[in-house]
Structures are given as C-alpha cells and as structure tokens.
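Q: I would like to go through this structure with you. Could we start with the terms and then take the parts one by one?

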Amino acid sequence: MAEATVVDVPHLERRVRQRKETMAVLKTKFSHSLSCSVPRVKNALTGFFPVVLWLPKYKLKEYIWGDVMSGLVIGIILVPQAIAYCLLAGVDPLYGLYTSFFANIIYFFMGTSRHVSVGIFSLMSLMVGQVVDREVYLAGFDLDDTKAAPGENILNLTGVLTGNSTSGAFDVTCGKECYAISIAAALTFLAGIYQVLMAVFRLGFISVYLSAPMLDGFATGASFTILTVQAKFLLGLKIPRHQGYGSVVVTWISIFANIQNTNYCDLITSIVCIFILVAGKEVQERYKDRLKIPLPIELLVVAGATLASHFGNFHERYDSSVSGAIPTGFIPPKVPSFGLMPRVAFDAIPLSVISFAFTVSLSEMFAKKNGYTVRPNQEMIAIGFCNIIPSFFHCFTTSAALAKTMVKDATGCQTQVSSIVSAFVVLLVLLFFAPFFYSLQKCVLACIIIVSLRGALRKFRDVPSKWHVSKMDAIVWMVTMSASALISVEMGLVVGVVFSMLCVIIQTQKPKVSLLGQIHDTAHYEDMEEYENLMSLPKVKIFRFQAPLYYANKDFFLKSLYKAVGVEPFLEVARRRKAEKKASKRAANEAGRTDQTNQEVKVGLGSRELDFHTIILDCSAMPFIDTTGMQTFKGIIGDYEDVGVQVLLASCNTTVIDSLRQGSFFGKADRDMESVSFFSVHAAVQFANSRAKSSSSIADSLM
C-alpha cells in the first residue's frame, strides 16, 4: 500500500452540554408566553398584520404604477375565472365573486408575499365541488335541478328539513343552492381553522411529505378530473355529476352513452371559444417579451360570447344552458352551520393541507426570485384567515394560484396593494356589472376552465425526461396522477403521500453498497466499481453502506457485507469445525502417527487462512442507527472475531456515536472507543496494519 503523509488526528473530547430540567424549561416558556408588555403587544400586532410594517414605507411614485397595472390585469382575469370555477365548486357564480373579493382584501392585511395571488383556484374548487355534490345528493336533491320546486321540502342551513325559507335580500328559496353554499362555507371554515392550528402548533413540516413529483402528479390527475367534469358542458349534455371512486370513468361512459343528445349550439360555441382562447394564449406566450401586459383574452371571450348569446337568444332558441341571473350587492353575513361541520370535518383536512402547501411554496419561490423574505408561518395564518373570515360571507376555499401569481410578477407587481386593486375590480362587477352575465353560456365557462389546464396537462410531455433524470420520481408522478384521475382526488393525495414515503423506505432498504479502494498516494478512498485506477488494500476490506442502518434494512446490510468481503463468519466457523473433525478422525486412524503433535499439525491443516484480517465499515453515509443497527454491529464484530477478523468503524457522525455509546457498544466507560471507532477511513487502515504487524512480530518471536 502506498503510504500517504497524514497528520494523525488526536482524540477529541465531546462538549458537555448540561440539559435543563424539563419542568424548568416548561415553566420558563409558560411564564414568557403569559407575560404582557407594550413591546410584546406591538410585536404581536405587527406580526399578525404585516401591512402595518410595510405600508408606511410604501414608495408611491416607484410602486404605484406596477401595482395598479398588475391589480387591474388580475382583476380582469379573476372575474371570468371566478364565475367559471363555480361550475367546479357546485355553487352559484355570485359566490365565486365573493370569494375572490374577500380573499384579496384579507391577504392585503395579513400576507407577507408581495406577489402571491390568493383567490379562487381550480383545484380547490374541484375538491370543494366534490364534497358539495356528495352532500347535496345525500340530502335528497337532484344534481340536475337548478331550483327547488315551490312546494318541496328543503334543507335549511342547520341541515334540518323545513319548509321554504328565504336568503337575505334576494328572497331566494333556500333550496339546493342555499344548501350547497352552506356546505361549502362550513367546509371552508374548518379548513381555515385547521390551517391556523397548524400555524400555531408549528405543523408546517407536514408539507415536506408533499414532494414536488407527487404534487405535480396530483395536480395533473386533478386536472384530468376537472376536464372530465367540464366535458358535458362543452357538449351541452344534461347528465348528473357522478360521485364516488372511479367517477372519471363513469362520467366518460355516460358522456359517450348520451353523445347523441349533444347540443350543437353549445358544441359550436365551445369549438370557437377554445380556438380563440388557445390562439390567444399561444400568441401571448410567443410574444410575451414584447407585450407589456397580458392579453385579457378570457374577458374578451366572455364579453363576445355573452353578446352573441344575448342577441342570438341562444337559451330560448337552442336550449343552451346559461349562467342565469347574478344579483348585485352582498348577501348579509351568516355564521357557518356548525350542524354541517361534522359531515365535512374529514374532507377539510386535504383541502387545508393542499391550500397552505401551494400558498407557502409559491410565496417562498417568488420571494427568492425577487430578493425578499417571507414568513411561512404567517403565510399559513394568512391563508387560514382567508378561509375563516370569508366563510361568514358565503365563500368557499381559497389558495394561491401559480398562473395568476406569474401574471402579477410579469406585470410589474411591487406590493400587496395590487390585491386591493384586484378586489376593487371584482367589487365593480358585484355592484354594477353582474347582471350583464345572465346570457353567458356555461360552455364558455367550461372552455375557460379547460384551456387554463394546459400547463398541468402538458406535464405528460415531461414524463420521458422525468424517467431519464429519476425513475423513482417518474413512478411517483405516474402513480399519484393515476390514482387522482381514476380513483378520486382525495384518494390520489393519500396514495401519493403513502407511495412517496414507501419509495423512500425502499431506497433505504436496498441502498448502494460498495467496497472502497485507495486513491494512489492519498488518504482518500472511493468506490472501486465506480472509479478506475484505485488500489485494493491487501488484507483490509473497506465496506460503505449508504443509508441509515435500522430494523428494515438490517438483513440487506448483512447480506451485502458478506457478499462484498466473500466470507460469512458463521459458515466459515462451521466449515472449520467440520474440517477439524475430519482431520482429527484421519489422524486417529493413521497407524504409528497418533502423537499429539502430529495431530495438532493435521488439525491446523484443516483451517483456511483468509485473505484479509480487518473489515472497516465506512459510516460516513450512515446518518443514524437504531437499536437493531447497534445490535447488528455487535453481532458482526463477535462473528468475525471468531474467524480471526477484526471489525473497525470509521467516519461515524456524532448521532451514530451517541447511539452506540448509549447502548454500551464501546464497553464500560467507553474504554474500547479509541480502538474501534476512528475519525477517518485512513486512520482505521493505519491502525489495522500496525496491529497486524505487531501480531505478526509477536508470533515470529514465539516461534
């Protein structure tokens, strides 16, 4: 072996940290949390309402133009989307406008991101709509009906069967629509409560289990579900929205079974609108560097289609489905129905997790891009209150949306003032322009939704590149996407999370293992299978296991070690015992040569000398071990000691060292620590060779 000149590392003493008693720590934290002072109150208020900190520093001349322009553009985009996404949520278009208005106002006061656009989001709308349709169906309403019959029994906001009732200033019978928004409001209230609780108890770490491939697959699968839900509107088919697992497949079967009932007016309108929308999007993407502001293509399509439907009298002449009357003004606020909350308590969990995951990830991404910082915990609180407060005003679940956030960034947004401008645009529609959308065909809204899914559906083109980069990530994407599309959106989320975690477990169960060789004339060692021109060490085997050693991969660790070094110690012991028995029997049967000396010679001839005397376990890629891993280390040291091979540990981190010390791995008072564990592989190699030389010298002196 080529000896490298290396400075010996002295034995290092660990720092002694005195831990405070648990009760003392709890008492200190409790007293600190209950203490009250003017600075603490001020910090709490400014932390809860960040607008107090940044608004006084607002640079009017520098920021106002970008904020106004981005706010106007987002407001113009929000109006048709707010109306359209109500088809997904299963509620009237008015409530989508409410949701967009209140979410922007609240985020202005509580958000820390300057660019995130919070409001109505297709994925959230779909998940709300699935719950709403399920509960409406279970309540006995016909999913195809649009109004309750004058004399039918209906459900009031507490979920109790009553006679007809009215809702606010509009004197609308509280039938299916009233019950639907009551379900949506209760669901939204619970989702907001969950998000605030997650912020209070610092449970934001839950989002780390939502990996990027899993979220991409989930969004793509949900987009396919959204496409399926909207397909019937493109064709003007009047078929119910199916519930339960496999609803996508059942819906497509229903569509093809009723294809002969296609409304040709809706079909032609859909083709024209999709062509215009796609062409407008393509032009916008191709010339985005030249366009100072995005083209309001959705608003232009809505305006043109509404005028065509109104003057062409499509509803009466061709039985085309239209949005209907959208009243102006605001419905009086109402406390969400606590009687309905037990029915949707479980459904609110995935809504809350997905909502805050998208919001926090988008806020951090655009903050990094634009050179400022956000507070993730405050973002969770902000999006929580963007759900809690609007739920009192007949709104449904909100979240940050990537497409609108990118538009805000591209149009020169500087601060959250743009959210106020967007809310003002929606307010104008709510107060004055809502009735003008009466003749807007639902197929036009479906076209807007479907075209907005292009980005998510394009992810299918990225599958080959994902597979090339990481097969595991590609599999996670495909499994999550398939489960979300073919089973259900909620089940797709569960399947995606569980499968992602299983993939991590599988990777740690069968990690990469390798024998190491020395880089010539250095103290560095690397994988002999991956690198050429490495020198194999005589009499020393260096084994690297690139994963934590715990109960699930203990057997794989042992099998890999035995295969790498070529010796299974218990089999070697059994072989030697068998050889000794044969040698003893042969010696006893030989005439005239039965003296003890010759017998010992024969027994010695039955033993095979191994081609190595030391195994070094490189633990540098081993982040932790559990008790099973520690017992595994103890076992292999004892087993190989029986065949004359010593086992040494190298490059253990402090977590592994502490686990071994707590299990008395190094003996009483850690007396064997310096002779078993080494700071580097090279130090262990030098120790093994010096010990072998010493043993050889002693053996030679005794001969």
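A: Helices here are DSSP runs of H or I with at least four residues, numbered from the N terminus. On that basis L362 lies in helix α15, which covers residues 348-370. The model is a predicted one.

Q: Is L362 buried or exposed?
A: L362 is buried, because its relative accessible area is 6% and buried means under 20%.

Q: Which residues does L362 contact, leaving aside its neighbours within four places in sequence?
A: L362 is in contact with V116, A400, A401, L402 and T405. Of these, A401 is 39 residues away from L362 in sequence, with 8.1 Å between the two C-alpha atoms.

Q: Stepping back, how many helices and strands are there in the protein?
A: The protein has 30 helices and 13 strands. It comprises 703 residues, of which 48% count as buried.

Q: And what about the accessible surface of the protein?
A: The accessible surface is about 35700 Å², and carbon and sulfur atoms account for 62% of it. As for contacts between residues at least 6 apart in sequence, 80% join residues at least 24 apart.

Q: Which residues touch the most other members in the largest nonpolar core?
A: They are V91, L97, L123 and F396, in a core of 115 residues. Helix α8, residues 176-200, gives this core its largest share, 13 residues. A second, separate core has 34 residues, among them F543, M630, I636 and Y640.

Q: What does L123 touch, not counting residues up to four places away in sequence?
A: L123 touches F218, A222, I226, I354 and F358.

Q: Changing topic: which strands pair with β7?
A: Strand β7, residues 513-519, is joined to β10, residues 539-545, by three bridges, and the two run antiparallel. Three bridges also join β7 to β8, residues 525-527, again antiparallel. With β9, residues 534-535, β7 pairs in the antiparallel sense over two bridges.

Q: How many residues lie between β7 and β8 in their hairpin?
A: Five residues lie between β7 and β8, and D521 in the turn has a positive phi of about 60°.

Q: What is the phi of K539?
A: Phi of K539 is near 70°, again a positive value in a residue other than glycine. K539 lies in strand β10 and is partly exposed, with a relative accessible area of 37%.

Q: On to charges: how many salt bridges does the structure hold?
A: The structure holds 16 salt bridges. One of them pairs D527 with K512 at 3.4 Å, N to O. D527 is in strand β8 and K512 in the loop between α23 and β7, so the pair links distant parts of the chain, 15 residues apart. D527 counts as buried at 3% relative accessibility, whereas K512 is partly exposed at 34%.

Q: Which residues form one network of salt bridges that share partners?
A: R134, E135, R343 and D347 are joined into one network. Within it, the closest N and O atoms of E135 and R134 are 2.8 Å apart. E135 counts as buried at 3% relative accessibility, and R134 as partly exposed at 26%.

Q: What does the bridge of R454 with E282 tie together?
A: R454 lies in helix α20, residues 454-457, and E282 in helix α11, residues 264-286, so the pair ties together parts 172 residues apart in sequence. The closest N and O atoms of the pair are 2.9 Å apart. R454 counts as buried at 16% relative accessibility, while E282 is partly exposed at 33%.

Q: Last point: which residues make the nonpolar surface patch of about 500 Å²?
A: The patch is made by Y245, V249, I253, L486 and I487. I487 sits in the loop between α22 and α23 and counts as partly exposed, at 32% relative accessibility.

Notes:
Residues numbered from 1 in each chain as written. Predicted model: local features only at pLDDT ≥ 70, side-chain atom pairs only at ≥ 80, totals over all residues. Heavy atoms only, no water. Pairing = 2+ DSSP bridges. Patch = residues over 30% accessible without salt bridge, like charges linked within 9 Å, V, L, I, M, F, W, Y side chains within 5 Å. Areas by Shrake-Rupley, 256 points an atom, 1.4 Å probe, with all protein chains shown as cover. Salt bridge = Lys/Arg side-chain N within 4 Å of Asp/Glu carboxyl O. Buried < 20%, exposed > 50% of the residue type's maximum accessible area, 1.4 Å probe, protein only. Core = buried A, V, L, I, M, F, W, Y, C linked by side-chain atoms within 4.5 Å. Contact = heavy atoms within 4.5 Å.
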